[in-house]
Amino acid sequence: MLLKNKVAIVTGGASGLGKASAKLLAREGAKVIIADNDKNHTKEVVDLIQAEGGIAVAFDCDVSQSAQVSQLVEFTIDQFKSIDVLMHGAGICPRMQYLEM
């Protein structure tokens with residue numbers, strides 16, 4: 001277990017690359033905070049990790065909002081006393097509105 005007792009935050013952890021990364025980090029022993037604004041899928045990922053014996057916690061977070069990111073960091077430090085890994089899998093594309101024209 002390469003990441004035993006390490007703490008990882010995964011943004012966009014409810015799906016796609018973020019979900020896959022969160023599961024891998026947990027399998028390697030990390031305590032994983034799944035940060036996403038999709039509450040239902042975030043809970044599913046936490047449940048999957050916990051079913052495999054890992055430690056995972058959900059945190060509702062829109063990473064485009066700096067105040068929410070600050071709360072995520074504070075929560076993680078309060079819960080686990082450190083942050084060792086940050087995997088940013090959340091996609092933010094402010095120009096998307098122009099692509100849809």
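**Before you start**

The model is predicted, so local features are taken at pLDDT of at least 70 and side-chain atom pairs only at pLDDT 80 or more, while totals for chains, interfaces and linings use all residues. Residues are numbered from 1 along each chain as its sequence is written, and side-chain values use heavy atoms, with hydrogens and water left out.

**Stop 1: the whole chain**

Start with a cartoon view. Trace the chain along its sequence and the pattern reads β-α-β-α-β-α-β-α. The radius of gyration is 14 Å, close to the 13 Å that the globule rule gives for 101 residues, so the chain is as compact as a globular protein of that length. That radius is taken over C-alpha atoms, and the globule rule is 2.2 Å times the number of residues to the power 0.38.

Switch to the C-alpha trace: along its principal axes it spans about 45 × 25 × 25 Å. Contacts here mean heavy atoms within 4.5 Å. Among the contacts with a separation of 6 or more, 58% come from residues 24 or more positions apart.

Areas come from the Shrake-Rupley method with a 1.4 Å probe, and for residues only the protein chains shown count as cover. Of the 101 residues, 34% count as buried. Buried means under 20% relative accessible area, exposed means over 50%, and partly exposed lies in between (1.4 Å probe, protein chains only).

**Stop 2: the nonpolar cores**

Hide the surface and select V10, A22, L25, V32, I34 and I49. Within the largest nonpolar core, which has 13 residues, these touch the most other members. Strand β1 (7-11), helix α1 (16-27), strand β2 (31-36) and helix α2 (39-51) each supply at least two residues of this core. Apart from it lies another core, of 10 residues, including V7, I9, C61 and F80. A core here is a set of buried Ala, Val, Leu, Ile, Met, Phe, Trp, Tyr and Cys residues joined through side-chain atoms within 4.5 Å.

Centre the view on V10 in strand β1. Is V10 buried or exposed? V10 is buried, with a relative accessible area of 0%. Which residues does V10 touch, not counting those up to four places away in sequence? They are G18, A22, L25, V32, I33, I34, A35 and M87. For a distance check, pick the C-alpha atoms of V10 and V85: they are 8.3 Å apart in space and 75 residues apart in sequence.

**Stop 3: the salt bridges**

The whole structure holds 3 salt bridges, each a side-chain nitrogen of Lys or Arg within 4 Å of a carboxyl oxygen of Asp or Glu.

- Select E52 and R27, whose side chains meet at 3.1 Å, N to O. The pair links distant parts of the chain, 25 residues apart: E52 is in the loop between α2 and β3 (55-60), and R27 is in helix α1. R27 is partly exposed at 45% relative accessibility.
- Select D60 and K39, which meet at 3.9 Å, N to O. D60 lies in strand β3 and K39 in helix α2, so this bridge ties together parts that are 21 residues apart in sequence. D60 is partly exposed at 42%, whereas K39 is exposed at 59%.
- Select D47 and K43, which meet at 2.9 Å, N to O. Both lie in helix α2, 4 residues apart, or about one turn of the helix. D47 has a relative accessible area of 35% and K43 one of 48%.

While you are on helix α2, click E44, which is partly exposed at 43% relative accessible area. Its C-alpha is 7.7 Å from that of A14, 30 residues away in sequence.

**Stop 4: a nonpolar surface patch**

Bring the surface back and select V73, I77 and I83. Together they make a nonpolar patch of about 200 Å². Patches are made of residues with over 30% relative accessible area and no salt bridge; like charges are joined within 9 Å, nonpolar side chains (Val, Leu, Ile, Met, Phe, Trp, Tyr) within 5 Å. Finish on I77 in helix α3 (residues 66-80), which is partly exposed at 36%.
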